[in-house]
Amino acid sequence: MYPWGGYCLRARPVYILVGVLLAVIGLSFATMAQSQCPSTCSCLLPGDAKAKGYTSLCGGKQTLCGYDKSRNPMYCYQKPSPTATTKATTTPTTLPVTSCPSACSCLLPADAKAKGLTSLCGGKEILCGYDQYQNRKYCYQVPATATATPAPVLCPSSCSCMDAAGAKQAGYTTYCGNSQAICGYDQYQSPKYCFVIPTATTQGIGAVSTRTPGTLVTPAPPTLPVAAAPGRCTISGNIYRFFHDPHTLRIRVTNLDSGTDSMQDVTPVYSGDLVSHYSYLVLAGCNGNYRIEPVYEPYPGACRWTGTFAPARSSDVHLSGTSETGWDFTYVPEDSRVPDVSVVPNPATPEMDQDVRINIEAVDDSSIVFMAARYEMIFVDGTRRSVDWQELAVTPGIAYRPGDTPPQTGHFTITDDRLARIEVTARVCDSGGNERWGSGTVMFGSCSDRVQNRDELGIDCGGAYCPACRECAWCGEDIVPLLLNGNPDDKIDVVFIPDTSYGGNRDTFIDDVWDAIENGYYANDAISGNRNKFNFYYLDDEADVTAYPACGFTPPLGSCEAFQDATTFADSLAVLHTDNFRDWSSTKCGRRVFSSEPTSYRTFVHESGHSVFGLKDEYCCDSHYSQNNPNPNIWQNETACRNDALTEGWDPDDCDNFCPSGSGNCGAGFWDIDPNICIMTCSQSCDRCGAAGMCQYEQACLRRVNWVFSQFS
Ligand SMILES: [Zn+2]
């Protein structure tokens, strides 16, 4: 049972720069951005509009014109005129205004350009007025042919009145009579022209002609040019301002004479990469009455939108011998406000293995009628698991600030352990059928969980959350840093080495190292209070140690020389072994080495007392004894002990001949002054500190320990 259980050891070294996938998962939407703003306006995301200095909404209201690829809503923004950005904020000019000559129009430069008027009246800038933003208007030469809106002509029966995009879409490539005769305008005042209806029978139509006359058929595929076969005509038109999933839109065509109907898909019409609008084209008998209705088509998982379609002409079409086009519709949404969606984990930065509740919060002016989430879990070992869309129950939430619209929330809880992060994608539908996607990444971990998680560059270091990683230039190939507090000259460098009893199991060994540090070192008051004076490492090869008094040590890395070369900076080397025998501290291969079972916490601290601090044993009688100057913890005679005690303010009568002359290895005898609860007396087999309790360094031991600490920063 280890507090840092399940540690996932990486191959050395640990400072592998792991590129953290902070990028939000690319969401593969169909491109839905559409551009249906008037020519004086641009369809932009609010952020882009701000960045470009487009500060005014087109017509002063929020007109939804499309979505970007992440389904963020775009709106029509007034294009600033070229002078607007420099003049708008200055004092309004008082320059005199002149009215334009009769052959000229007073226009903003942008509007003039949009109308194709490139010549200034008389070749010079005549200031003729201002718009509401104090942008200057000038007189522009109006071509004679454009002085009046041409009266639309009626197209001959062999031709169809279409806008250029619709004609291209339908494969109508030739102007009627080879002249660009305007036959009408769409709702944006874009002209329509007469196009020749192709007469050649094309692929896909042959089959159609065998069907019973009067039955509506669907051309397949719909994007192919379609020609009316003899006795066949077409009805076509565009669907404007429809911003929902086009799979949810179909055209119902009803033969009013027979009562039969059929459904027809719509086809996107592109303007560059963006969908401009949709078109439809249906075949019909050349004489008859039909009703055209755009309708909602249930589609799995799509938001159900609510709105109406305003016909440009009428929903009912009477065919009398010729094809009909221009039966356009404009979508009128019931609700054009798109909800906002955010992913809010609780807690925001969960600890390793902590359960986390994922809240999906949607803010909208109407109610949220559908909410779903999917997520991908990325575990610390790099494995992934995806959880597909699940619908969430939507409940009212609480606004963060008074006056804000309260969010409507759904939630789910993730209880999986060993997670590095979760990538959540959410989607919501409001009651008007407006759909919005949101995403968020939950990063697990802390700077003290001994796992490289979140955006850490090493274990618990680097990235946005944790202190910068320290490079270990002195570590070399065989030493792996575990916890660095500074330069090795300023710190006590303890290197852990696995004994062969680990049998190559590095994961267990690393767990044991942290166990010994946490429950051994950090349970001891003196060491815990100076923990920032230690650097900890491990050596990535096994040694072989045997019991006291033989104190066998077969060095790692194959030889004493290689071992010495790898550990030049080390102050103490701790060989952890899993088998049970009496431990020791000694000098091996020229280095201070000690052995310990990792879970014998008092032994671990006791042997460190020898190896790190140069303390002597305070028990009798089979250790090796000598007075360890300066700041000894045992003395070779009573006088030396009493003098030291008087100097330090200790009670000289506490001096005790713990190792009497002639006993064991006691030689002429040794004295100590610490109580027998001191950890240099009381090691693992002693129960005076409680079964699991840590013993402390007592007065004389503590003096030496603190003297050693005083040499490090
Ligand atoms: Zn000892």
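Author: Among contacts in the chain between residues at least 6 apart in sequence, 64% join residues at least 24 apart; two residues are in contact if their C-beta atoms, placed from the backbone, lie within 7 Å. This is a predicted model, where local features need pLDDT of at least 70 and side-chain atom pairs count only at pLDDT 80 or more, while totals for chains, interfaces and linings use all residues. Residues are numbered from 1 along each chain as its sequence is written.

Reader: What makes up the secondary structure of the chain?

Author: Eleven helices and 36 strands. Those are DSSP runs, numbered from the N terminus: helices are H or I with at least four residues, strands are E with at least two.

Reader: Why is F534 called buried?

Author: The cut-offs go like this: a residue is buried if 20 or more other C-beta atoms lie within 10 Å of its own, exposed if 12 or fewer, and partly exposed in between, with C-beta atoms placed from the backbone. F534 has 21 other C-beta atoms within 10 Å, so it counts as buried. This residue is found in strand 29 (residues 534-539). Setting aside neighbours within four places in sequence, F534 is in contact with N485, K491, I492 and V494. For the chain, buried residues make up 40% of the 713 residues.

Reader: And why is S439 partly exposed?

Author: S439 has 18 other C-beta atoms within 10 Å, so it is partly exposed. You'll find S439 in strand 26 (residues 435-443). S439 and S342 are 97 residues apart in sequence, yet 6.8 Å apart in space, C-alpha to C-alpha.

Reader: What makes the phi of D353 worth a flag?

Author: Phi of D353 is near 70°, a positive value in a residue other than glycine. D353 lies in the loop between strand 19 (340-346) and strand 20 (356-363). With 17 C-beta neighbours inside 10 Å, D353 counts as partly exposed. R454 has a positive phi too, about 50°, although it is not a glycine. The place of R454 is in the loop between strand 26 and strand 27 (479-483). R454 has 23 C-beta neighbours inside 10 Å, so it counts as buried.

Reader: How do you know which strands are the edge strands in the five-strand sheet?

Author: Two strands pair if DSSP finds at least two bridges between them. This open sheet has the order 13-14-10-18-16, with mixed pairing. Strand 13 (267-271) and strand 16 (307-311) are the edges, since each pairs on one side only. Neighbouring strands of this sheet are turned by 30° against each other on average, direction ignored; axes are lines fitted to C-alpha atoms, for helices over the stretch in contact, and angles run from 0 to 180 degrees between N-to-C directions.

Reader: What makes strand 10 and strand 18 a pair?

Author: Strand 10 (residues 232-240) and strand 18 are joined by two bridges, in the parallel sense, and the pairing rule asks for at least two, so they pair. In strand 18, the bridge partner of I239 is F329. Strand 16 and strand 18 (residues 329-333) run antiparallel, joined by five bridges. There, F309 stands opposite Y331, and T308 stands opposite V332.

Reader: What makes something a nonpolar core?

Author: A nonpolar core is a set of buried Ala, Val, Leu, Ile, Met, Phe, Trp, Tyr and Cys residues joined through C-beta atoms within 7 Å. The largest one has 62 residues, of which V495, V513, Y537 and Y538 touch the most other members. Helix 6 (residues 506-519) gives the most to this core, with six residues. A second, separate core of 39 residues includes C37, C41, Y54 and L249.

Reader: Why do the buried residues of helix 11 count as being on the same side?

Author: The buried residues of helix 11 (residues 699-709) are A700, C701, R704 and V705. They cover an arc of only 135° around the axis, which puts them on the same side of helix 11; the arc is that of the directions from the helix axis to the C-beta atoms. An α-helix has 3.6 residues a turn, so residues three or four places apart point the same way. What covers the buried residues of helix 11 includes helix 7 (525-528), helix 9 (601-611) and strand 36 (670-672).
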